[in-house]
Amino acid sequence: MLDKLSDWLDDRTGYRALVSSALDEEIEGGARWAYVFGSGLLAIFLCQMVTGVLLMLTYTPSVNDAWSSVYYIQHQVTGGWFVRGLHHYGAQAMMIVLGMHLLQVALYGAYKKPREVTWWVGLALLGLVQGLGLTGYLLPWDQKGYWATKVATNIAGTVPLVGPSIQTLIVGGADYGQATITRFYVLHVAVLPMLLLLTVTMHVALFRKNGATAPASADRSVKGAFYPDQVFKDRVCTVLLVGGMALLTATTGGGHLDAPADPSLEYHPRPEWYFLFLFQLLKYLPGSLELLGTVVLPGLAGAFLFALPFFDRGDSRALRGRLPWLAPIFVGGLGVVFLTWQSFQDDAGDEAFQKSRVASQQRADRAIELAANGVPPGGPLEMLRRDPITRGPDVYAQECAGCHILNGEGERAAPDHTGFGSREWVMGVLIDPDADHYFGTTDIADMKPMGKLGKAKLDAVTEFVFALGHQEGDPAFDKALADKGKEVFENTCMDCHLFEGDGAHMFDGPDMTAYGSLKWIEGQVRNPDAESQYGELNEMPAFEGELDDNDISMVSQYLRLQRFDKPDILVKPEDIPADEEGAAGGGTADAGAPDGDGAE
Amino acid sequence: MSEEPSESRRSALKVLIGLGSAAVGAVLALPGVSYVVDPLLRSAGKRERWVPVADLEGLSEEHPVAVPVVDEQTDAWTTDPAVRLGVVWLRKKGEKVHALTAECPHLGCKVDYQREDKHFACPCHESKFTPEGDVRGGPAPRGLDPLDTRVVDGKVEVRFARFRAQVAERVEIG
């Protein structure tokens with residue numbers, strides 16, 4: 001039955017002749033492991049086409065949506081992370097196997113007559129694959145893709161005469177944006193793959209015409225069959241390659257997604273590892289010589305490879321006689337390996353680079369966490385702008401760290417914000433308000449140290465002040481202790497401080513009503529010289545009108561989060577004075593007080 | 001390499017080639033298929049939210065009035081707090097409100113109310129419905145779908161839903 005059907009099909013289509021012409025090829029000198037790279041590349045290319053089309057089902061080439069759509073592929077679509085991982089590692093496998101293929105062809109002298117055109121078409125393929133790597137890197141529109149592409153397109157701009165025009169054409173305008181992403185997308189999914197398909201077809205057709213190039217030492221009387229001898233070896237190679245890609249994907253979780261591209265953030269860009277050698281080369285070339293690294297050397301390398309069949313014209317394919325012509329390839333290859341290694345070494349020892357990577361990774365992790373609840377229509381940057389944990393530190397670093405210190409970062413001209421509003425922070429102020437990390441560096445110098453109250457009262461008033469900033473949803477505080485503290489506060493502090501409309505009988509200190517609450521912090525950020533804040537003694541600039549409402553809210557929420565931190569630098573246990581009466585109740589501040597870390 | 005490959009060796013190689021191809025195919029096909037059928041694996045959650053759509057005062061007892069339904073919606077990765085989900089036709093019945101979807105149960109075109117003829121008409125295949133939503137003519141397999149409503153402090157709220165087209169019974173699709 002099956003035979004009859006295949007007879008019928010062959011009668012109508014002639015498919016058997018087609019299959020047989022494809023498979024029943026004799027290989028002079030026999031099948032070889034050295035020949036597997038070409039078919040390996042073909043297999044990865046097919047794999048890239050399949051995974052690429054799948055990714056296109058979800059990916060959206062838009063400044064606002066690209067990052068989110070890649071997030072969606074990576075974290076929401078069933079199997080998405082695996083498909084993307086295969087595509088990611090497939091691109092890198094292609095670079096490695098391309099290098100090995102080129103090396104094998106060069107060693108065997110397969111570029112010689114009559115295979116010059118096959119060699120040239122192969123070089124064109126090399127260029128196309130690099131183009132695919134370069135364009136694909138930008139598409140997630142994340143920090144690393146954005147900045148690496150900015151560098152790469154600026155390099156294109158260094159080409160004499162036509163450079164700036166080429167750059168504008170690639171970028172789609174003067175600025176990186178929607179036109180850039182659409183252009184790179186079209187190049188990546190349409191133009192380059194179609195050219196690649198065409199070129200691969202030519203390459204394979206030319207290969208079939210001239211056959212494999214056996215090494216000079218091979219016994220040409222040996223005949224191997226393409227199918228199954230060579231196909232078996234090819235298939236082993238393919239299984240190893242695709243298996244390797246799948247294994248890498250499974251063990252690493254697939255392709256990395258960096259934080260959403262943000263032109264306003266500091267970033268240390270690096271290209272994908274297979275372009276690192278070019279990146280590293282530019283470090284050694286001062287401005288006037290830069291063209292050497294961006295245009296001249298790559299151009300010379302390409303021209304040399306192109307002209308190799310003309311330089312090396314001898315009939316012999318024996319390695320010995322051709323060494324002078326192969327030497328530049330070896331030297332160049334070693335140079336590439338060395339520069340790549342050196343670039344990795346440089347970065348491993350570069351603290352600023354490592355720090356920026358950690359910061360970017362934290363931002364990426366946070367963005368991915370937030371995106372799980374949906375990205376707002378304004379896109380991932382809008383999402384991060386409304387997140388106190390992301391936007392707060394940005395605003396703080398820009399506006400506050402010039403005078404304040406938070407977690408070791410910043411300048412000391414005003415109170416430390418490390419642990420601001422926490423029990424430890426409050427206790428520290430009570431004991432030594434004029435310490436450098438409190439008000440010591442400011443004009444505010446009128447508060448008396450309260451150590452004389454003794455531990456029990458200090459604990460109570462600390463709990464009371466801490467509780468002033470309490471808001472719904474916070475971990476509970478010790479109500480009984482705070483009530484005790486209120487008494488102490490009323491008797492001790494209200495001569496100077498205002499509280500709920502009363503107090504400040506002797507001196508006009510800051511209003512402690514809701515001290516440390518979001519409203520209080522926002523008030524302090526907006527208008528610190530208000531009567532209720534530090535009045536005439538204030539030196540801090542007012543940010544009302546300087547920052548928009550969102551940023552004031554973000555930095556204030558971020559500052560309020562510090563009260564849930566437990567810094568150990570503010571007040572050491574030995575700084576807390578003992579009770580004069582030796583009264584009971586020592587340590588009640590912590591007894592039964594819930595762990596404040598829950599707010600993170 | 002020098003010996004003539006025996007027939008059994010050739011067959012063994014062919015089997016191995018087939019196995020290798022199948023393995024590579026599976027690595028691509030398994031995640032690939034799950035990727036493509038992902039929408040089938042997601043349950044379309046029913047909307048249990050009441051959406052305020054109009055003031056009771058502004059509604060008529062005589063003619064249905066079309067009002068847009070605006071609510072939060074998550075579309076793939078985007079969560080938009082205010083998306084126009086569709087339109088509902090409202091008609092006052094004393095202190096209560098009768099609500100109908102604007103989607104024709106035939107093939108989902110948006111029906112319009114013709115005041116002169118006092119009926120809903122579908123612009124696609126000419127189905128017609130009474131102001132109560134019952135079929136008056138055309139290919140529609142059932143009447144217009146009613147929606148739950150309630151009135152809170154003079155505000156009309158609707159529980160918006162979509163229903164499968166082309167079937168006689170009402171099947172909510174969220």
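## Helices α6 and α9 of chain A

The crossing of α6(A) and α9(A) is left-handed. The structure is a predicted model. In chain A, helix α6 covers residues 116-138 and helix α9 covers residues 178-210; their axes come within 9 Å and cross at roughly 160°. Angles over 145 degrees count as roughly antiparallel, and α6(A) and α9(A) are therefore roughly antiparallel to each other. The contact of α6(A) with α9(A) draws on 17 nonpolar and nine polar residues, with no charged ones.

## Helices α18 and α19 of chain A

Two packed helices are described by the angle between their axes and the distance between the axes. For helix α18 (residues 455-468) and helix α19 (residues 479-492) of chain A, the axes come within 7 Å and the crossing angle is roughly 100°. An angle of 65 to 115 degrees counts as roughly perpendicular, so α18(A) and α19(A) are roughly perpendicular to each other.

On the α18(A) side, the residues that meet α19(A) are A:K457, A:D459, A:A460, A:V461, A:T462, A:E463, A:F464 and A:A467. Their partners in α19(A) are A:L481, A:A482, A:K484, A:G485, A:K486, A:V488 and A:F489. By class, the residues of this contact between α18(A) and α19(A) are eight nonpolar, two polar and five charged.

## Overall form of chain A

Chain A contains 21 helices and six strands. Its radius of gyration is 34 Å, whereas a compact globule of 600 residues would have a value near 25 Å. The C-alpha trace of chain A spans about 110 × 70 × 45 Å along its principal axes.

Of the 600 residues in chain A, 37% are buried. Among contacts in chain A with a separation of 6 or more, 71% are between residues 24 or more positions apart.

## Contact between chains A and B

The contact involves 31 residues from chain A and 26 residues from chain B. On the side of chain A that touches chain B, the elements giving two or more residues are α3 (36-56), α4 (66-75), α5 (80-108) and α10 (226-252). The largest share of that side, ten residues, comes from α10(A). The residues on the side of chain A that touches chain B comprise 20 nonpolar, nine polar and two charged.

## Cis peptide bonds in chain A

Most residues other than glycine have a negative phi, and most peptide bonds are trans. The bond from A:K113 to A:P114 is cis, with omega near 10°. A:P114 sits in the loop between α5 and α6 of chain A.

Another cis peptide bond joins A:Y227 and A:P228, where omega is about 10°. A:P228 is located in helix α10 of chain A, the element that gives ten residues to the side of chain A that touches chain B.

## Positive phi in chain B

B:A76 is a residue other than glycine with a positive phi, near 50°. The loop between β2 (65-75) and β3 (78-93) of chain B holds B:A76. With 15 other C-beta atoms within 10 Å, B:A76 is partly exposed.

B:E126 is not a glycine either, and has a positive phi of about 65°. B:E126 belongs to the loop between β6 (119-121) and β7 (128-129) of chain B. A residue is exposed if 12 or fewer other C-beta atoms lie within 10 Å of its own; B:E126 has 12 such neighbours and therefore counts as exposed.

Key. Residues numbered from 1 in each chain as written. Chains lettered and ligands numbered in written order. Predicted model: local features only at pLDDT ≥ 70, side-chain atom pairs only at ≥ 80, totals over all residues. Contact = placed C-beta atoms within 7 Å. Helix = DSSP H or I, 4+ residues; strand = E, 2+ residues; numbered from the N terminus. Nonpolar A, V, L, I, M, F, W, Y, C, P; charged D, E, K, R; others polar. Axes fitted to C-alpha atoms, helices over the stretch in contact; angles between N-to-C directions. Parallel < 35°, antiparallel > 145°, perpendicular 65-115°, else oblique. Left-handed = near helix turned anticlockwise from the far one by under 90°. Rg over C-alpha atoms; globule rule 2.2 N^0.38 Å. Buried ≥ 20, exposed ≤ 12 C-beta atoms within 10 Å, placed from the backbone.
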